[in-house]
Amino acid sequence: MNWKIRRLGQAVFTVWAVVTISFAMVRLMPGNPVDYFITIVGPDLADPSQAYELAELYLNINPEEPLPVAYVDYMTSTLQGDLGQSMIYNEPVTEVLAGAIPWTLFVMSWAIFLSFAVGISLGAIMAYWEGSKVDVGLTAYATILTSIPFYVLALVMLIYLSYRWSVFPVGGRAAAELEPGFHWVYIKSVVHHAILPVLSMFVASGAASLSMRGNSIRVLGEDYLRVARLCGLSDTTIAVQYVGRNAILPMYTGLMISIGSMFGGAVVLEQIFQYRGMGWYLLNAVNQRDYPLMMGAFMMITIAVVIALLIADLTYGRIDPRAGTEDREAF
Amino acid sequence: MTADSHDCEPGPDDGESADDDGVGGILRGDGGQVGTPFDTTADVRETRWDRYGRAIDGYIRMPLTIMRQDWRSIVGLSIVAVYLLMGTVLTWTVEPTRTGDGPQFVQPFETWEYPLGTNEMGQDLFAQTVHSTGPVLTMMASGALFTVVMGTFFGLVAGYKGGEVDTVLSSITDVFINIPGLPLVIVLSVLFEPTHPISVGILLAVAAWAGLARAIRSQVLAIRDESFVEAARMMDVPTPELLIKEILPHLMPYIMVNLVNAARTIIFSAVALYYLGVLPFADANWGVMLNQAYHAGAIYRPDATHWLVVPMVAIAGISIGLLLIAQSLDRVFNPRVRARHADTGDAEDGDGTEPGSTEMMKQV
């Protein structure tokens with residue numbers, strides 16, 4: 001229980017740190033967005049002093065306020081969900097992004113789920129037939145796929161499956177002419193559009209199967225398996241409950257790290273498939289120097305990852321009872 | 001001789017050691033009895049050269065012997081050697097290409113003049129690829145080094161010290177683990193606009209070191225209570241020296257494997273950022289080539305596909321090379337990968353990935 005509270009506190013701390021880092025980047029760094037407003041946007045305005053008001057409207061930071069006040073203001077407004085005003089869409093950043101979050105979550109959760117479900121099964125199969133042709137072939141295949149960045153795979157798939165053979169749409173979240181809603185045609189189109197992004201993340205993640213294979217092989221050498229066999233337990237029981245469970249445990253860390261990297265990878269993926277999720281907006285904002293939207297998207301993606309990791313961490317305690325019991329002497 | 005006189009290590013014929021012998025002859029640990037095992041000192045003192053020799057044996061000769069028997073390392077090292085060659089010798093010999101050097105869209109493998117074809121601007125893709133190698137390798141080296149140094153420092157100190165220090169360092173690490181790497185790097189590169197390969201590498205490493213720090217911390221936790229560490233602590237060895245001389249050597253294998261993996265991570269994200277057009281660029285590199293090809297519509301133009309494929313192959317190639325090296329290093333340092341469960345096959349078919357190596361899971 002205590003551990004869970006600590007973990008929650010850590011998540012809160014991370015969010016606070018991210019907002020603080022954002023503030024520092026927006027306000028303090030050389031060439032920061034606030035200066036940009038005053039020196040670049042300012043002279044173009046009829047009344048150059050308006051630049052300060054604009055900076056406050058868009059970025060939530062009033063450059064005339066002393067730093068601590070500006071910081072507290074920024075923190076409170078951000079935590080209240082006010083991320084400023086987007087310059088290219090001229091809408092509040094939260095509104096622009098709110099429409100994008102579900103799409104990113106949709107694609108990414110499928111990609112993560114599939115790569116781990118398939119990776120674990122494949123890894124188990126490879127370990128079961130270790131040294132056979134199946135194993136050697138699959139290992140080589142997974143090794144090669146791991147070493148190819150997913151965006152390269154995505155581009156290759158886009159070239160062949162979309163442009164050359166027209167199996168999948170070339171981009172977007174759903175067919176543009178369809179009315180969004182919960183009807184079959186639209187859902188089918190959404191799924192059809194999501195297949196390639198999910199597939200390119202999934203195919204590139206051979207790492208899961210490799211580490212599952214390694215873990216299983218390591219477990220296979222353990223003494224307690226010999227004991228289990230001597231007890232006369234059935235092969236399925238041993239494979240699932242003894243080998244499987246113990247081999248999956250260490251993969252949980254890998255899962256957590258790939259949550260972060262996959263959400264990060266969403267930026268590239270969504271650009272390639274012109275999939276309007278959070279990453280697409282982030283990049284769009286970067287290219288048009290829409291600083292409020294950029295920082296907003298960055299914070300949103302980070303908070304999504306923080307929440308995902310928090311959930312993953314808290315559920316880990318259910319799988320592995322040893323988690324969270326560490327107390328050490330300090331030197 | 002002059003070099004020796006500046007040594008802090010007493011050599012075998014130093015005055016100090018002679019002094020030692022003299023004192024040792026009079027004072028005995030157990031009050032006068034001669035010949036107990038506790039009073040026995042080695043006849044030969046270990047000189048600095050002996051130590052170097054041992055280090056060379058352990059860190060160079062032994063790994064090389066194992067690596068020579070492993071096809072992964074041979075293939076991996078030759079691939080990386082090819083890239084190194086491209087980054088040095090070929091860069092000096094192949095002329096840099098300029099716009100309008102040749103006709104548009106020469107297909108690859110058709111003429112010797114343009115072995116990999118040309119792009120829309122008539123630039124020779126082969127020359128472009130070769131001249132990209134140097135900057136990319138620099139980026140990779142600086143990023144990987146920075147990742148490893150940061151990760152090792154945070155992990156080592158946090159894991160060993162424990163208590164308050166651990167809390168502070170681990171909190172910083174956790175924050176960076178939670179921030180997704182690519183978006184952070186994108187935002188940072190918009191604000192800093194790094195152009196030099198070294199600074200790009202360091203910037204990219206900002207997002208990569210935290211995972212390593214956490215992994216190293218847990219490794220340190222496993223050995224911090226070992227008796228040799230305790231002995232060193234009893235002897236009042238200063239903490240920095242203890243960390244570097246006693247604990248670090250035990251982590252070296254792990255760090256080496258992760259150095260190679262970090263290099264891959266850096267390349268992946270560097271190319272991704274150049275492809276997205278986020279990083280400012282002056283010269284071409286593989287990511288810039290991808291970016292230009294993408295914007296020229298190479299995705300739907302069959303005659304321009306090679307423009308995309310050439311940089312893709314370059315990235316995948318070096319990545320496979322590094323992956324193979326990492327796997328074979330793992331086998332060198334991790335005897336368990338070789339020996340455990342060896343009854344179902346020879347050493348060849350053990351798996352290459354270290355199950356504990358979380359870096360393997362990273363994509364970008």
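**Entry 1. Chain A against chain B**

I began with the contact between the two chains, which takes 76 residues from chain A and 68 residues from chain B. The model is predicted, and I read every value below with that in mind. I looked up the area next: about 6200 Å² is buried between chain A and chain B, and carbon and sulfur atoms give 69% of this. I note that interface size is often quoted in this way, as accessible area lost when the parts come together.

I then asked how many salt bridges the rule finds across the interface of chain A and chain B. The count is 0. For polar contacts across the interface of chain A and chain B I got 5 residue pairs, both residues of a pair being at pLDDT 80 or more.

I listed the helices on the chain A side. Helix 1, helix 7 (133-147), helix 8 (150-164), helix 10 (207-220), helix 13 (251-272), helix 14 (278-287) and helix 15 (291-319) of chain A each give at least two residues to the side that touches chain B. Which helix of chain A supplies the largest share of that side? I found helix 13 of chain A, with 13 residues. By residue class, the side of chain A that touches chain B holds 45 nonpolar, 22 polar and 9 charged residues.

**Entry 2. Domains within chain A**

I took the domain assignment of chain A, which gives domain 1 as 2-79 and domain 2 as 98-153 + 196-330. Their contact draws 18 residues from domain 1 of chain A and 14 residues from domain 2 of chain A. Between them, domain 1 and domain 2 of chain A bury about 1500 Å², with 80% of it on carbon and sulfur atoms. I checked which residues of domain 1 of chain A lose the most area to domain 2 of chain A: they are Trp3(A), Arg7(A) and Val18(A), together 33% of what that side buries.

I ran the salt-bridge rule across the interface of domain 1 and domain 2 of chain A and got 0.

On the side of domain 1 of chain A that touches domain 2 of chain A, at least two residues come from each of helix 1 (2-27), helix 2 (33-41), helix 3 (50-59) and helix 4 (67-79) of chain A.

**Entry 3. UniProt features**

I read the unreviewed UniProt entry for chain A, which places "transmembrane region" at residues 12-29, 100-129, 141-163, 190-210, 252-273 and 293-312. I examined two of these spans in the model. Residues 141-163 of chain A are 91% helix and 0% strand, with end C-alpha atoms 26 Å apart. Residues 190-210 of chain A are 86% helix and 0% strand, and their end C-alpha atoms lie 31 Å apart.

For chain B, the unreviewed UniProt entry gives "transmembrane region" at residues 71-94, 136-160, 172-192, 198-216, 254-276 and 307-326. I found residues 254-276 of chain B to be 100% helix and 0% strand, the end C-alpha atoms being 33 Å apart. Residues 307-326 of chain B are 100% helix and 0% strand as well, with 30 Å between the end C-alpha atoms.

The unreviewed UniProt entry also annotates residues 133-326 of chain B as "domain: ABC transmembrane type-1". Over that stretch of chain B I read 82% helix and 0% strand, and the end C-alpha atoms are 20 Å apart.

**Entry 4. Salt bridges**

I counted 5 salt bridges over all chains. I looked at one pair in chain A: the side chains of Asp223(A) and Arg226(A) meet in a salt bridge at 3.9 Å, N to O. Asp223(A) and Arg226(A) are about one helical turn from each other, because they are 3 residues apart in helix 11 (residues 223-230) of chain A.

Most residues other than glycine have a negative phi, and I looked for exceptions. Asn90(A), not a glycine, has a positive phi of about 55 degrees. I located Asn90(A) in the loop between helix 4 and helix 5 (93-98) of chain A. Gln274(A), also not a glycine, has a positive phi of about 50 degrees. Where does Gln274(A) lie? I placed Gln274(A) in the loop between helix 13 and helix 14 of chain A.

Conventions:
Residues numbered from 1 in each chain as written. Chains lettered and ligands numbered in written order. Predicted model: local features only at pLDDT ≥ 70, side-chain atom pairs only at ≥ 80, totals over all residues. Heavy atoms only, no water. Domains from an automatic or database assignment. Contact = heavy atoms within 4.5 Å. Buried area = accessible area lost by both parts, 1.4 Å probe. Salt bridge = Lys/Arg side-chain N within 4 Å of Asp/Glu carboxyl O. Helix = DSSP H or I, 4+ residues; strand = E, 2+ residues; numbered from the N terminus. UniProt positions renumbered as here; feature names shortened; annotations may be inferred. Polar contact = N/O pair within 3.5 Å; in protein donor to acceptor, adjacent residues only side chain to side chain. Nonpolar A, V, L, I, M, F, W, Y, C, P; charged D, E, K, R; others polar.
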